[in-house]
Amino acid sequence: MVSNWSNISRKKSEIFTPIPVSNVQPLQTCNPGVCQIVLLAISLALLSTTVILFQTLDLRHLQNSCFSEISTKLFSGTANLTSDSSRSSTLDTSWPRNESLTTSLSDAEDETNLDQEARHYHDIPVRDKAWYLEQLNENGTHACHEVPTASAQVFFGPDLVLPTGDLKLQTGRDYEVVIVSYSSNGSRRCSGGDFFEIDINGTQWKSRPPIKDLGDGTYVVNLRVHGEFPGVYGFRVILLFPNWHGMELTADQWVMAKDIVYLELEFAKPEGSTAATAAPVSEEALKRCDPEEDYKLKKWEGRWTRTKFNDTCRANEGGRFLCVDRNQTCDDGRCDGEVGRLESNGWVYSAHCAFRIFSRDEAWDCVAGKWLFFWGDSNHQDTIRNLLNFPLGLYTGSPYRNGHNTHTNPRNASQSVTVTNSFNGHYVTTGNNLGLESLDHSEHRENVTAYFNGTVRAAPPDAVIMNSGLHDGNNWPDVARFERAAQNASDFWRDLWASVNAKPRMVYRTTVAPAGFNDRLPARNTKSNVQKHEVFNAVMVDTFVAKFGRDNLRIVDSYDMTFPWHYDHLCSDGPHYGRSPKLNSWVPGGHQYFVDIMLAHVLLNAICPLN
């Protein structure tokens, strides 16, 4: 059986050994003439071996095999989609390109039945708590689980590849891309658990194309750019952790951070389409998020987009990026309100619905007379400060890890909001790295309960915003023990919620994607990493939804919101995405802080009724 799936892979593979991040070096490309001679010799050797193997194989097995028939087209990090050199580029030039990377459409044949395995992404079941627990429980029970992943290859389907080997993509439609993992001897891995960072980025679009692990060394990626955003985009696949090793407390010893492929892909409007007709309204239009319905989705697959921005914008003396007019409205259907209030140079996040960007008066109307209770890690401190400073315009300092304060609208003394922050990284205010284990200590449980049993105020909070936090990633040695801690936490909060007559609106915010490489703080390469928190988030969300019910719990997927920005420290110091603006911060010229301001507006959308 012959497949038309095209293999886009690295020319040079590396045998995997755990190495420290500081020793990771970019691959070097060889002279094209030398490479061709070497590849020819390898091809002849493989052909001889293949003939011998064919003579020993059962012909019925060959009938069920699928060999990739692939064109010989060499790219230097680029998929050429048009010969028109005048095409406009939407590629974000700030992305740290590795010029030594070379990708190719290879002639190497691969015994991979991709036509059978590349099912439509949306037909593959969601990778939820039950799936993760099953996979991790079975991990290590078969010999092939012990075979380490050394590399991977990326396959594009026949609907993307032209006879010339070029790629052709259209906006407004879904594409399936398949990743296959291999061991150091070139054989396919038989199990999953490899964590791939998938990125598509340009000057007007940034997202994490969603990926699903089939559990057999095969991964299906859904690739889509909406109709109003044609252009050239960087598509990058990075193998961060192999073989579920990101789940370990020694994850930093297993990080690979290996570039599998980097391509520039052009998404073009369908032939005959215009800006007004490129994307059918029924497909692409986003309605405003309804707090009663749109926060029931457990896992978001959103994107960051922009239509107006200032290429020459720099931070002012206070470190703030006032790049577009404050009153600049959303005009692309990706948000509702004034995008200039995000101080994001036009960037706005949308998911399965579009979020309202609140004016100051609207934000006060939303929270006036309310009591907001935050329970989670130190990211909540940033979000509280950014909520008070930006949507509400108070410009106050950061709250304490454990604090309880009432704030009044300086423009309208009749409006006030009470905000409580309860830190759960440790039961001692100055401690860290316990996370959910804090609830095992009576001191922490009693402190939280006091805000609900009438000790602090007669009535309970109006809204509770919770998360598990980055501290859990540093604490729990395996997912089984974390799952038991999640059950304990859900029991505690469900009982507390049931004990009051006036039920608070319960909001669960997933843990952010730790950013950059960092030897000191939670980041991509440490034990509190992106693979671990993707799994922990699924465990927490499913556990709390099972306890509260879909109608009583609202989900905010901060992990999906932060993932497109987690590759470096431009928007984060590692664990935090909302640090106060500062011109001379860890980023020369000032770091970006808009991701957390967007989160503050998303939380307001979850708390307030739709008008």
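Ser151, Gln153 and Phe155 point one way from strand S6, while Ala152, Val154 and Phe156 point the other way, and all of these residues are buried; buried here means under 20% relative accessible area, with exposed over 50% and partly exposed in between, using a 1.4 Å probe and protein chains only. In a regular strand the side chains alternate between the two faces of the sheet. Before going on, note that this is a predicted model, in which local features need pLDDT of at least 70, side-chain atom pairs count only at pLDDT 80 or more, and totals for chains, interfaces and linings use all residues. Residues are numbered from 1 along each chain as its sequence is written, and side-chain values use heavy atoms, with hydrogens and water left out.

Let us stay with S6 for a moment. The strand covers residues 151-156, and six of its six residues are buried. Strands (E, at least two residues) and helices (H or I, at least four) are DSSP runs numbered from the N terminus. S6 runs antiparallel to strand S8 (residues 175-182), joined to S8 by six bridges; two strands pair if DSSP finds at least two bridges between them. Across this pairing, Ala152 stands opposite Ser181 in S8.

Next, look at an open sheet of six strands, ordered S20-S21-S19-S22-S23-S24 with mixed pairing. Strands S20 (403-409) and S24 (553-556) stand at the edges with a single partner strand each, so one side of each has no neighbour in the sheet. From one strand to the next, the twist averages 20°. Within this sheet, S19 (residues 371-376) and S22 (residues 463-466) pair in the parallel sense over four bridges, and Phe374 stands opposite Ile465 in S22.

Two helices meet these strands. Helix H6 (residues 360-367) lies across S19, S20 and S21 (412-423), running at about 70° to S21. Angles run from 0 to 180 degrees between N-to-C directions, with axes fitted to C-alpha atoms, for helices over the stretch in contact. Helix H8 (residues 442-449) packs on the sheet and touches S19 and S21, its direction making about 165° with that of S21; contact means heavy atoms within 4.5 Å.

Now turn to Ala351, in the loop between strand S17 (348-350) and strand S18 (355-357). Ala351 is buried, with a relative accessible area of 2%. Leaving out residues up to four places away in sequence, Ala351 touches Leu286, Trp300, Gly302 and Arg303. Ala351 and Arg303 are 48 residues apart in sequence, yet 6.4 Å apart in space, C-alpha to C-alpha.
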